[in-house]
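Here is a quick tour for anyone meeting this structure for the first time. Have a look at it, then read on.

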Amino acid sequence: MNQLRRFELTYLKGIGPKRAELLDQQLGLKTLYDLLHHFPINYLDRSSIYKIKDINGEMPMIQLKGRFVTMNVAGEGAKSRLVALFSDGTGTIEVVWFNRIRKLREMYQIGQEYIIFGKPESFKGRWSMVHPEVDTTTTVGAMQGLRGVYSLTEKLRNAGFSSRVFHTFIQTALATHSNIPDPLPKAILDRYKLMPLPTALTQIHNPTDPESLRQARYRLKFEELFYLQLNIQRYSAKRNKALRGLHFARIGRFFNQFYSECLPFELTGAQKRVIKEIRNDMGSGRQMNRLLQGDVGSGKTLVALLTMLIALDNGTQACLMAPTEILAAQHYDTISKLVAPIGVNVKLLTGSTRKKERDIINQQLLDGSLHILIGTHAVIEDTVQFKNLGFVVIDEQHRFGVMQRSRLWQKNSTPPHMLVMTATPIPRTLAMTVYGDLDVSVIDELPPGRKPITTLLRYDAARMDVYRAIGRQLKEGRQVYIVYPLIKENEKLDLRALEYGYQNIKDNFPSYRVAYVHGKMKPAEKDHQMELFATHQADIMVATTVIEVGVNVPNATVMVIENAERFGLSQLHQLRGRVGRGGDRSYCVLMSKPQISGITRKRLELMTTTTDGFLIAEADLKMRGPGDLEGTMQSGIAIDLKIASLSSDGDIVQIARDAAEDLLDADPALSLPDHRSIANELSALFPRPIDLSRIS
Ligand code: ADP
Ligand code: MG
C-alpha cells in the first residue's frame, strides 16, 4: 500500500504536472493511493446492449450496437452541428454533436459497427442521443460491465476531466500496478470473508456484476472502519493496563448527609441507576471512563454532584469542567448552594478569575482544603495542580477533545475517574466510532412534572403573529429567548443580523427589558447580560448560540429560533431544551425563510413532531451525515469517511469494532510480522496518533 502512497500522480501516464496539480487542488488527490480511493458515486450500466425498438422514455444511459447510415453537418456558424442517423436493424435513432464537428466527421465511418452510449431522448417525435460515447467493438473492451461515475468539479471538467477520462486514468493505474499488496493478512481476510484489496479496487471502479460490487464495497468499508476502530482503541484508557484506577471503596459522610438532608427532589429511576453504574466503576479498581448521555433537562448535574461527593468521601478532590464561562458559573451557583449545608468547599476558576482569587485556589488545591473545583478550560492549565484529584466531570463533552481529556488524566499520579456528560444524544454507531474508548450510561427519563414543549414552524410572513404570541407570554410574566445563528464563515453578517434583530425586538416590545449576548463579547459583559436574564431583570434574551448549552432559566417559556433552516437538528434540539424547564407550558418557534429545499423543510417539520433527542440525532445523522452532527468535528476525531456510512453501515461498524478489539487483544502493539502492514497503514492514515506518553 505504501508504494501507492509514494507514487505521485504527475508520473502516471497521461497526467503530467499540470493535471496533477489540478487534481490536488480540486480534490486533494496527490498520489496513486488517493486516485484509487476516489470512489465512484454511481455506476453506468454497460453490461447490456439495448435494441432501438425497445427504447422508452424512462431509460438512463444505455448502449446501442449498430452503424451510422448517414452523417451530415447541418446549420451555420455557431449553430452548426453534426447529425447522424444510427441504425441497429430494429430501428433508427438520431445522433447529434455540437462540438468538434469536423474532427468527429473524419473519425467515424459510415457502415462500420460501433457501440454508442448515451441517454436516449425524444425530440419532435423521434429518438435522439446527444454527444454519446462512441467506441468500435474492439475499443469498447475496458468499458464493459458497470463503470464508475465520479464526482468531479467544474474546473476539472473544463480541463477535460470527464468522468470517463477520470475512469481511464484509474484503469491505467490499475493496469500498471497490478501487484498491490494487501495490508490485511490472510487470516483476517478469511475470517471476515473479505475480497483481496487488488480485486476490490478493480471491482469498485469497474464492477463485473452487482454481486462483485457488493463484495468490493464491503471489503473497503470494513477496512476503513477497522482502521478507525484500531486507532481509537489502541490508545484507549480501557486497554492501557498502566491506568489502574483509584479504588473508591466507600460511601461516607458527604454523600450520605447530602442525600438525606439536602437533596432537593426525589431522584428519578434513571438517575439512581446511573449513579449506581458510576459507583460500581469507581469501586472496581479500574479507571473509569464513562460517557453519560442524557437529554437536556434530564438532571445530569445532580448525578455529577452526587458522584463527586463519593470522590470526596474517599479522600480525593473533584473537578467539574464546562465549555463556557456562563455554564461554569451556573454550575458553580447551583452546586455551591446545594452543598453549603454540608461544609463542602467549592470554587470557580475561569479565564476571568482574578490573580488574587487564583492564588487562593491554587493554594487550597495543593493543601487539599478545596474539595470541588468548577471551571472552564482554565482548569486544564499546567499551573493548576491538585493535592489528590480523584474524579473529573466534563460537561457537554462535544466541546472537548480526547486530547483535553487526557491532559486531565495527567493531573494525578493515578489517573482520576472521568465522567463525560453530553446532552447531544449520539446514535450508537457514531458513539462507537467517536467515543470507542468510553463506556456509556444513559439517563432515559425526564424528571416528573415537565410540561411538553409545543414546537411550531413559522415563515417570515407570520412574524407579527409570532410577536403577538410572545407578547402574551411576556404579559404573564414569562421570559423569552430569541436566538440567531452564528456561522463562522460570515461572522460580520451574522452579527449584523443579530444587532438588527435586537433593535427590532426593542422596537416591538418597548415596555420590556432586553438582554443581549454574543460570542464576541467580553466574558464579563456576557456574564452580566446572562445574569440579568437569569435573575429576571431582563424579560427577553437576544442571543447567538452561545446560550445553547446548559443554561437553566425555568421561567423562560418561549424559544424563538431565527433562520432555523441554518441549524442542525441536534442543535435545534439543544436550543429547544432551554425552555420547558419549569412547570409552565412552553413553546419553541422555528422561524424560517420560505424558500427552503424539500429536505430542509422535512427536517424542520420533524422537529415539530418529536422531542425525542435520540430520534432527532438519528435523523440528523441520516439527513446530513456525521460531519455535520453537532459535536463530531470538535470531538477530536474528524470523521471523514470515503465509503462507509455511519448511518447505514451500523452492522459493519460493529464487526469492525470487534475485529479491532480481537486484533489488539492478540497483538497490542501490532508488532507481529503479519500485522506490520496494518500498523503502517494506521500511521499513514493517522499521522499524529493520540499518544498519552507524549502528553505532558
Ligand atoms: P441537564 O441534564 O440538561 O444538565 P439539569 O441537571 O440542568 O439538566 O437539570 C434540569 C432541571 O431539572 C434542573 O432545574 C434540576 O434542578 C431539575 N431536576 C434534576 N433532577 C430532578 C429530579 N429528580 N426531580 C425533579 N427535578 C429535577
Ligand atoms: Mg447540564
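## Ground rules

A contact, in what follows, means heavy atoms within 4.5 Å. This is a predicted model, where local features need pLDDT of at least 70, side-chain atom pairs count only at pLDDT 80 or more, and totals for chains, interfaces and linings use all residues. Residues are numbered from 1 along each chain as its sequence is written, chains are lettered from A and ligands numbered from 1 in the order in which they are written, and side-chain values use heavy atoms, with hydrogens and water left out.

## A buried valine

Let's start with V384, which sits in the loop between strand 14 and strand 15. Helices (H or I, at least four residues) and strands (E, at least two) are DSSP runs, numbered from the N terminus. Is V384 buried or exposed? With 2% relative accessibility, V384 is buried (under 20% relative accessible area; exposed is over 50%, partly exposed in between, with a 1.4 Å probe and protein chains only).

Leaving aside residues up to four places away in sequence, V384 touches L349, N362, L365, L373, A378, V379 and K411. Take N362: 22 residues separate it from V384 along the chain, yet their C-alpha atoms are 6.3 Å apart.

Seven strands make an open, parallel sheet, in the order 13-14-12-15-16-11-17. Two strands count as paired if DSSP finds at least two bridges between them. Strand 13 (346–349) and strand 17 (439–443) are at the edges with a single partner strand each, so one side of each has no neighbour in the sheet. From one strand to the next, the twist averages 20 degrees.

Strand 13 pairs with strand 14 (residues 372–375) in the parallel sense, over four bridges. In this pairing, L349 is opposite G375.

## Helices around it

Helix 13 (residues 325–339) packs on the sheet and touches strands 12, 13, 14 and 15, at about 170 degrees to strand 13. Angles run from 0 to 180 degrees between N-to-C directions, and axes are lines fitted to C-alpha atoms, for helices over the stretch in contact. Helix 12 (residues 300–313) lies across several strands, including strand 15 (389–395), to which it runs at about 170 degrees.

Helix 12 also meets helix 11 (residues 269–282): their axes come within 10 Å and cross at roughly 30 degrees. The two helices are therefore roughly parallel (angles under 35 degrees). Among the residues in this contact are I275 and I278 of helix 11 and L306 and I310 of helix 12.

Key:
Angles under 35 degrees count as roughly parallel, over 145 as roughly antiparallel, 65 to 115 as roughly perpendicular and the rest as oblique.
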